[in-house]
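Please walk through the model shown here one part at a time.

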Amino acid sequence: MLTLLARLRYGARVAPPPRGPLAITRSALVVMALGAGVLALDGCERRGQHAMASGQLAVWETYAPFRVLDGNPATEWLLLDASQGWIDVHLTPARHVRALRLVNAGNPPWRDRGAKRITITMFDGDHPLWSGRRQLLPRIQRRTLDVEVDVEGVDRVRVHIDSWYGEGGGLAEITVLEPPSATRQAPAR
Ligand SMILES: [Ca+2]
């Protein structure tokens with residue numbers, strides 16, 4: 001029944017929730033979250049990076065914010081249908097950001113989603129250090145966008161989805177690129 005309700009909400013465009021012992025619990029959470037923006041919290045860390053978002057398409061992990069940090073372009077964070085929203089990558093400690101490499105979402109095999117216009121903002125706490133607007137192409141045309149920023153002292157990167165392709169926005173990967181000197185290791189003694 002819960003699965004049926006989820007299908008009525010999302011039609012045939014969205015993959016079903018994961019099978020297994022947690023499937024019923026996650027389906028129940030989806031029903032509770034229908035039509036609502038859900039503040040999504042994630043525990044995924046990648047070299048001091050942590051993702052949080054204003055919401056996601058469903059509450060199961062398939063479309064969770066940490067999918068932009070897992071290094072796999074096949075996994076995606078997806079927003080609710082036809083909705084603006086944001087995803088933050090928290091950086092601990094703060095660091096010099098040379099560029100961002102974004103991989104757009106595509107929601108394969110349906111290819112009906114992706115971010116279009118975005119606003120990127122670099123923060124030190126609540127203080128914005130840099131902001132710029134860009135446009136991504138649909139993933140089927142080109143999946144990556146490199147944005148040169150060269151900003152020091154960044155502890156949070158926000159990508160706000162202003163508009164989208166198809167059913168809604170999302171991203172597959174956000175890679176924070178640092179200057180070579182920032183990642184160079186001290187020689188072994
Ligand atoms: Ca991913």
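**A walk through the strands**

Asn-104 has Leu-171 in β10 as its bridge partner. The structure is a predicted model, in which local features need pLDDT of at least 70 and side-chain atom pairs count only at pLDDT 80 or more, while totals for chains, interfaces and linings use all residues. Residues are numbered from 1 along each chain as its sequence is written. The term pLDDT stands for the predictor's confidence in each residue, from 0 to 100.

The chain has 3 helices and 10 strands. Here helices (H or I, at least four residues) and strands (E, at least two) are DSSP runs, numbered from the N terminus. In sequence order the pattern is α-α-β-β-β-β-β-β-β-β-β-β-α. 

Several of these strands are paired, where a pair means that DSSP finds at least two bridges between the two strands. Strands β4 and β10 run antiparallel and are joined by 6 bridges. Strand β10 also runs antiparallel to β3, with 2 bridges joining them. In that part of the model Trp-77 stands opposite Leu-171 in β10. Strand β4 is joined to β8 as well, by 13 bridges in the antiparallel sense. There, Val-97 has Val-151 in β8 as its bridge partner. Strand β8 in turn pairs with β6, antiparallel, over 6 bridges. Phe-123 stands opposite Arg-156 in β8. In a regular strand the side chains alternate between the two faces of the sheet.

How much of the chain is buried? Buried residues make up 34% of its 189 residues. A residue is buried if 20 or more other C-beta atoms lie within 10 Å of its own, exposed if 12 or fewer, and partly exposed in between, with C-beta atoms placed from the backbone. Strand β10 is largely enclosed by the rest of the structure, because 6 of its 8 residues are buried. 

The largest nonpolar core has 38 residues, and those with the most contacts inside it are Val-68, Trp-77, Val-157, Leu-171 and Ile-174. At least two residues of this core come from each of β2 (49-53), β3 (77-78), β4 (85-104), β6, β8 (144-161), β9 (164-166) and β10 (170-177). Strand β4 gives the largest share, 7 residues. A nonpolar core is a set of buried Ala, Val, Leu, Ile, Met, Phe, Trp, Tyr and Cys residues joined through C-beta atoms within 7 Å. In soluble globular proteins, nonpolar side chains tend to be buried together.

Two residues are in contact if their C-beta atoms, placed from the backbone, lie within 7 Å. Which residues does Val-157 touch in this sense, leaving aside its neighbours within four places in sequence? Val-157 is in contact with Asp-88, Val-89, Val-97, Leu-100, Met-122 and Val-176. For the chain, 69% of the contacts with a separation of 6 or more are between residues 24 or more positions apart.

Arg-117 is placed in strand β6 (residues 117-124). Arg-117 counts as partly exposed because it has 15 C-beta neighbours inside 10 Å. Apart from neighbours within four places in sequence, Arg-117 is in contact with Arg-133, Gln-135, Asp-162 and Ser-163.

Ala-58 sits in the loop between β2 and β3, and it counts as buried because it has 23 C-beta neighbours inside 10 Å. Ala-82 lies in the loop between β3 and β4 and is exposed, with 11 other C-beta atoms within 10 Å. The phi of Ala-82 is near 45 degrees, a positive value in a residue other than glycine. Asn-107, in the loop between β4 and β5, also has a positive phi, near 55 degrees. Asn-107 counts as buried, with 23 C-beta neighbours inside 10 Å.

The bond from Thr-92 to Pro-93 is cis, with omega near 0 degrees, and Pro-93 is in strand β4. The bond from Pro-108 to Pro-109 is cis, with omega near 5 degrees. Most residues other than glycine have a negative phi, and most peptide bonds are trans.

Last comes confidence. The mean pLDDT of the chain is 81, and 72% of its residues reach 70 or more. Over residues 1-43 pLDDT stays under 50. Where pLDDT is low, the predicted coordinates should not be read in detail.
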